[in-house]
Amino acid sequence: QVQLVESGGGLVQAGGSLRLSCAASVGISGFAVMDWYRQAPGEQRELVATITSSGVPTYADSVKGRFTISRDNAKNTVFLQMNALKPEDTAVYYCSGLKRGVPPRRYWGQGTQVTVSA
């Protein structure tokens, strides 16, 4: 059973930082990509950052230069370092991974709330 468990969310003032973690119950080397998504109230879920199995990151334009995605394969954990946070970053943040297989299957965590006050 594959489980992804996020942690590290909370309340922070604008300009502050948070580090989200996503712990997987299985080896993340078996995932083609690991992602962080977010969903604000009344909005659609959006892709924030992706990291490939070889460690190549990509970011949404809205977070470039402020967020950093990384992975620790030995700890089966993916991180999202969020700096210079803005009120518009307020959302539930979800970890997701596309696991290799036939067919590939996407898994989701339960989400962690990030609230940025002005």
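**Close-up 1. The structure, a predicted model, holds one disulfide.** Cys22 and Cys95 form this bond, with their sulfur atoms 2.0 Å apart. The torsion about the S-S bond is about -75 degrees, so the disulfide is left-handed. Both cysteines, Cys22 and Cys95, are buried.

**Close-up 2. The largest nonpolar core has 28 residues.** Met34, Trp36, Phe67, Val78, Leu80, Met82 and Tyr93 have the most contacts inside this core. Several strands each supply at least two of its residues, among them E4 (31–39), E5 (46–52) and E7 (67–72). Strand E3 gives the most, with four residues.

**Close-up 3. Tyr93 and its contacts.** Neighbours within four places in sequence are left aside here. Tyr93 is then in contact with residues including Glu6, Leu20, Trp36, Phe67, Leu80, Met82 and Val114.

**Close-up 4. Phe31 and Tyr107 form one of two aromatic pairs in the structure.** The pair is edge-to-face. The ring centres are 6.4 Å apart, with 75 degrees between the planes. Phe31 lies in strand E4 and Tyr107 in strand E10 (residues 105–108), so the pair ties together parts that are 76 residues apart in sequence. Phe31 is buried, at 0% relative accessible area. Tyr107 also counts as buried, at 17% relative accessibility.

**Close-up 5. Charged ends sit over aromatic rings.** The charged end of Arg45 sits over the ring of Tyr94, 3.8 Å from its centre. The charged end of Arg106 sits over the ring of Trp108, 5.9 Å from its centre.

Note on methods:
Residues are numbered from 1 along each chain as its sequence is written. This is a predicted model: local features need pLDDT of at least 70, side-chain atom pairs count only at pLDDT 80 or more; totals for chains, interfaces and linings use all residues. Side-chain values use heavy atoms; hydrogens and water are left out. A disulfide is a pair of cysteine sulfur atoms within 2.5 Å. Buried means under 20% relative accessible area, exposed over 50%, partly exposed in between (1.4 Å probe, protein chains only). A nonpolar core is a set of buried Ala, Val, Leu, Ile, Met, Phe, Trp, Tyr and Cys residues joined through side-chain atoms within 4.5 Å. Contact means heavy atoms within 4.5 Å. Rings of Phe, Tyr and Trp (its six-membered ring) pair if their centres lie within 6.5 Å; planes under 30 degrees apart count as stacked, over 60 as edge-to-face and the rest as tilted. A charge sits over a ring if NZ of Lys or CZ of Arg is within 6 Å of the ring centre and within 35 degrees of the ring normal.
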